[in-house]
Amino acid sequence: MNPIQAGSFLTLHYRLSGPDGADIVNTFDDKPATLSLGAGQLSPAIEARLLGLPEGAHERFELAPGEAFGERNPELLQRVKLSLLRQLGDPDETYHVGDVVQFPGPDGQGGYAGVVRELGDEALLFDFNHPLAGQPVSFEVQVIGVL
């Protein structure tokens with residue numbers, strides 16, 4: 001049996017649920033996920049819980065508030081001018097509280113998302129924290145294969 005190590009290539013089913021118990025991600029009813037441990041596909045705290053698990057393991061972990069996705073950072077609440085939003089995206093877009101807006105990364109590679117928290121005449125307040133920051137989460141995993 002191959003235990004999971006840093007850099008292992010994994011095939012697994014997993015379920016991530018938030019504090020209300022609702023599934024955020026659940027692969028148990030579909031195809032299993034494949035990923036490389038350490039490539040950033042899972043949070044470091046979740047990856048740390050996988051280390052040492054053998055093929056065939058079926059485990060459930062409870063992660064404390066902030067452990068999986070960090071604590072909420074008030075500095076990640078930022079106002080963005082509507083003029084900039086119109087320049088970067090659809091100039092006729094209408095925004096609502098709760099909308100998730102994708103922003104390009106500063107280097108043009110990748111990007112990041114923010115949730116609209118407040119509407120204003122000239123700017124919108126965005127929350128760039130991970131949606132589960134500061135929240136407890138449950139992680140269930142069934143390890144199918146380890147390479």
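**Contacts, cores and overall form**

Reply: Happy to. In this predicted model, phenylalanine 103 touches Val80, Leu85, Leu88, Gly111, Tyr112, Gly114, Phe126 and Phe128, leaving out residues up to four places away in sequence.

Me: Is phenylalanine 103 buried or exposed?

Reply: Phenylalanine 103 sits in strand β6, residues 100-104. Its relative accessible area is 7%. The cut-off for buried is under 20%, so phenylalanine 103 counts as buried.

Me: How far is phenylalanine 103 from glutamine 41, C-alpha to C-alpha?

Reply: Along the chain, phenylalanine 103 and glutamine 41 are 62 residues apart.

Me: Which element gives the largest share of the largest nonpolar core?

Reply: That core has 23 residues, and those with the most contacts inside it are Ile4, Leu10, Leu50, Leu53, Leu63, Phe139 and Val141. Two or more residues come from each of β1 (9-17), β3 (33-36), α1 (44-50), β4 (58-63) and β9 (137-146). The largest share is five residues, and the element that gives it is β9.

Me: Which residues does isoleucine 4 touch?

Reply: Isoleucine 4 is among the residues with the most contacts inside the largest nonpolar core. Setting aside residues up to four places away in sequence, the list for isoleucine 4 is Leu10, Leu37, Leu50, Leu51, Gly52, Leu53, Val143 and Val146.

Me: How many residues are in the other core, the one that lies apart?

Reply: Leu82, Tyr95, Val101 and Phe128 are among the members of this other core. In soluble globular proteins, nonpolar side chains tend to be buried together. The count for this other core is ten residues.

Me: Is leucine 119 buried or partly exposed?

Reply: Leucine 119 is placed in the loop between β7 (111-118) and β8 (123-127). Beyond its neighbours within four places in sequence, leucine 119 is in contact with Tyr95, His96, Val97 and Leu124. Its relative accessible area is 44%, so leucine 119 is partly exposed.

Me: And how far apart are the C-alpha atoms of leucine 119 and asparagine 129?

Reply: Leucine 119 and asparagine 129 are ten residues apart along the chain. Their C-alpha atoms are separated by 18 Å.

Me: How far apart in space are arginine 86 and glycine 145?

Reply: Arginine 86 belongs to helix α2, residues 82-88. With 40% relative accessibility, arginine 86 counts as partly exposed. Arginine 86 and glycine 145 are 59 residues apart in sequence, and their C-alpha atoms are 47 Å apart.

Me: What is the radius of gyration of the protein chain?

Reply: The C-alpha trace spans about 60 × 30 × 30 Å along its principal axes. A compact globule of 147 residues would have a radius of gyration near 15 Å, but for the protein chain the value is 19 Å.

Me: In what order do the elements run from the N terminus?

Reply: The protein chain has two helices and nine strands. Among contacts between residues at least 6 apart in sequence, 61% join residues at least 24 apart. From the N terminus on, the order is β-β-β-α-β-β-α-β-β-β-β.

Conventions
Residues numbered from 1 in each chain as written. Predicted model: local features only at pLDDT ≥ 70, side-chain atom pairs only at ≥ 80, totals over all residues. Heavy atoms only, no water. Core = buried A, V, L, I, M, F, W, Y, C linked by side-chain atoms within 4.5 Å. Buried < 20%, exposed > 50% of the residue type's maximum accessible area, 1.4 Å probe, protein only. Helix = DSSP H or I, 4+ residues; strand = E, 2+ residues; numbered from the N terminus. Contact = heavy atoms within 4.5 Å. Rg over C-alpha atoms; globule rule 2.2 N^0.38 Å.
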